Amino acid sequence: MKIFLISLVSLMSFPTALHAASMAKQKGYAAGAIGTNLCYLRKGMISKETFVLSVENLMLRRGYDTDLLYKGNIKKAGRLIADKLGNNCNNQKIYDDKNFSEKILKILQVN
C-alpha cells in the first residue's frame with residue numbers, strides 16, 4: 001500500500017513537471033524567435049508588420065502560447081539575443097556561450 005501511495009503521488013506531480021518543462025521550452029522558443037526576427041528587423045530585412053506576423057506564426061505553428069511574446073521578460077531576453085547576434089542573425093553558436101545562456105535562462109524564469 002505504501003508503494004502504491006508513493007507511486008500515486010509521483011504520478012500526480014508528473015503533469016506539473018511536464019507543464020513546467022513545456023512552459024520553459026515555450027519561453028525559450030519565444031525569446032529566440034523574437035531575437036532572430038528583431039535582428040532581421042534591425043538589418044532592414046523585414047518590416048515591423050512582418051516581424052510581428054513572423055514571430056506569432058512561429059509560435060502558432062508549434063502550438064505555443066502567443067501571449068508569451070508580450071511578456072516583459074521574454075521581450076528582454078529577445079532583445080539580448082538580437083544584440084548578441086549582431087549582424088549574423090542565424091548564428092546559433094551564441095547559445096554555446098555558457099554565461100550568455102545562463103543570463104537568458106535567468107531572465108526567462110521571471111513570471
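This is a predicted model: local features need pLDDT of at least 70, side-chain atom pairs count only at pLDDT 80 or more; totals for chains, interfaces and linings use all residues.
Residues are numbered from 1 along each chain as its sequence is written, and side-chain values use heavy atoms, with hydrogens and water left out.

I placed N37 in helix α1, residues 2–42, where helices (H or I, at least four residues) and strands (E, at least two) are DSSP runs numbered from the N terminus. Leaving aside residues up to four places away in sequence, I listed I46, F51, S54, V55 and L58 as the residues that N37 touches, a contact being heavy atoms within 4.5 Å. With S54, the side chain of N37 also makes a polar contact of 3.0 Å, that is, a pair of N or O atoms within 3.5 Å, of which, within protein, one must be able to donate a hydrogen and the other to accept it, and residues adjacent in sequence count only if both atoms are side-chain atoms.

Next I turned to the disulfide, a pair of cysteine sulfur atoms within 2.5 Å, and found that the structure holds one. It joins C39 to C89, with S to S at 2.0 Å, and the link is left-handed, with -80 degrees about the S-S bond. The pair links distant parts of the chain, 50 residues apart, since C39 lies in helix α1 and C89 in the loop between α3 and α4 (98–108). Both cysteines, C39 and C89, are buried.

I then checked helix α3, residues 72–85: at 1.5 Å a residue its 14 residues should span 20 Å, and its end C-alpha atoms are 20 Å apart, which agrees; the expected span is 1.5 Å times one less than the number of residues. I wrote down N73, I74, A77, G78, I81, A82 and L85 as the buried residues of α3. An α-helix has 3.6 residues a turn, so residues three or four places apart point the same way. Just after α3, G86 takes a positive phi of about 60 degrees.

Last, for the whole chain, I recorded four helices and zero strands, and buried residues make up 30% of the 111 residues.

How values were computed:
Buried means under 20% relative accessible area, exposed over 50%, partly exposed in between (1.4 Å probe, protein chains only).
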